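Here is a friendly tour of one protein chain. Have a look at the structure, then read on for its charges, its build and its cores.

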Amino acid sequence: MTQLTQIPSDVSTVPSLTCGELLVQWLEYYGVETVFGIPGVHTVELYRGLPNTDIRHVTPRHEQGAGFMADGYYRASGKVGVCFIITGPGMTNIMTAMAQALADSIPMLVISSVNKVKDTGSEEGHLHELHDQQGMVSKVALTSKTIWQPESLPKVIAEAFALFNGARPGPVHIQLPIDVITADASHVAKPPSVSNSASSTNGSKASQASNIALTLPQVMRPLPNPAQLDLIVETLKSAKNPVLLYGGGCVDVDSSAQKLAELIDAPTFLTINAKGLLPPAHPLSLGSNQSLEAGRAVITEADLVLAIGTELGETDYDVFFNGEFKINGTLIRIDCDAQQLHRPFRADIAVLSDAQMAISGLCTRLESQELNNQASVRVAEAKQALLADMTPDFAGQNALLQLIRDEVKDVIFVGDSTQIVYSGNLGFEALATRRWFNSSTGFGTLGYGLPAAIGAMVGSKSPVVSLMGDGGIQFTIAELICAAELELPLIVLLWNNQGYGEIRRYMEEGGLPLIGVNIKTPNFEPLAAGFGAGYRRITDKQQLLEALKKDINGKQPIIYEIDETDAFITEMGQSFTCFS
């Protein structure tokens, strides 16, 4: 007897378009090019529609890695990084990466599943169930929203991108119950590109509804109040000793950033995330040395401080955490976040504005003025003082970074919290913005440098060097195989100080017992091979130059292991000059 295939009785109710499929259509419409995620039983339906888009999927080996990749992706490319994350453990895993992004104002869209509508918050022990997933994640996000029905999808996605484009950015979390992901969304508004290509076969209300389209909302950060710009100009005209501070909020400002410094004639400092905004040898630039005594003195003695796009946080202005960073003069602040305008320092003039528009407006007003504060003399004196205090270790580490920068065109350095990064934060000069960033700012997590470098390479197509310590890399070393899978010629410069070297030094200086810092470190050569990566033990300058020429255009990641005691680093430092 021929066996008959049983036809499901509910075949007529199978959605022609699920909410999960519509979600990826909207993501593509908003310009999303890459999603970082690890599929799980709760999120597989988010993947159904991906083949019908041009969105690329990258699979990290841990959800924290997904978050760090999305972070590095944005910092290098300026494009929002998106993550698909499962309910429960996936969300607890990614929260550290979200906290780092929140601290550094990095836009990141984290889309997760949550238990079925009837089960969410039930505390009945369902798979991956949390007591309150949304409440938990909201503490490390600008906002966390739940899409309880497909009809809400376009609006919630629009809200997320409005936050990215119209305010101080940060991570946004959107969660969908697993039965909402699979729910019918054929009647919900679609992106114009999808709607316009669809042809209605009849005049039914359902068909008409399926062709409803929403246009891309135009959202911009606030424009400056012209009267406030006029007031700033008048205040600048009476100042004798002004200083200009640029922060990461200025990372995409054009050449008017340099022009403003010259029109004001002011010593100019750049935060770590603003490196590259002025050329290294610019006569008004003091780089990122506002935490060093000579740089700090310039700010302390200023009668006016103009701070633009910077939160004035201690990881940029007080990296030695001694509480001695002071602003004594009139403080003028320009920021896109109203709350930030008066913390941690109260501003005398506070302007809520997009950095680019405010800087352009100031330049227009100052072009007819003649401000001559003889700032280049003060900058030159401060530079000499900084050079006089430079230690051999500091010089050698920055010489190494400068060598790579000059040898590898358009290289991006992505760092962890490790010694060579701390030195570079002060002494390294980037040739353009978005080419130096790391996790020592803000939240200060470990393990960031490797996965963030992968994200940077995916997003920018530029050569990337990941700066990792032998302790920090053990947090996320599994992501090395992701780089190998993607055939990325990522250079991992492994700074080996046999354990947690920076914490060890801190303990030694404080007379503390050395507990937990002299950890056993792996043999990285066979470990790299196991992950499909290359390995080199770098011991001299010429070897490094030859290796870079060969490896930077390869098809696999490679570890360059350098011991912090290697003599060639100190030798390189003997000819190192800052601000070049």
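## Charges

The chain carries 40 positive and 62 negative side chains, with Lys and Arg counted as positive, Asp and Glu as negative, and His and the chain ends left out. The centres of the two sets are 4 Å apart, placing each charge at NZ of Lys, CZ of Arg, CG of Asp or CD of Glu.

## About the model

This is a predicted model, where local features need pLDDT of at least 70, side-chain atom pairs count only at pLDDT 80 or more, and totals for chains, interfaces and linings use all residues. Residues are numbered from 1 along each chain as its sequence is written, and side-chain values use heavy atoms, without hydrogens and water.

## Overall build

You will find 23 helices and 17 strands in the chain; these are DSSP runs (helices H or I, at least four residues; strands E, at least two), numbered from the N terminus. Along the principal axes, the C-alpha atoms fill a box of roughly 95 × 65 × 45 Å.

Buried residues (under 20% relative accessible area, 1.4 Å probe, protein chains only) account for 57% of the 580 residues.

## Two nonpolar cores

A nonpolar core is a set of buried Ala, Val, Leu, Ile, Met, Phe, Trp, Tyr and Cys residues joined through side-chain atoms within 4.5 Å. The largest one has 56 residues, of which Leu245, Leu400, Phe413, Leu467 and Leu493 touch the most other members. Helix 15 (residues 392-407) supplies the largest share of this core, seven residues.

A second, separate core has 51 residues, including Tyr73, Tyr74, Ala101 and Leu450.

Key:
Buried means under 20% relative accessible area, exposed over 50%, partly exposed in between (1.4 Å probe, protein chains only).
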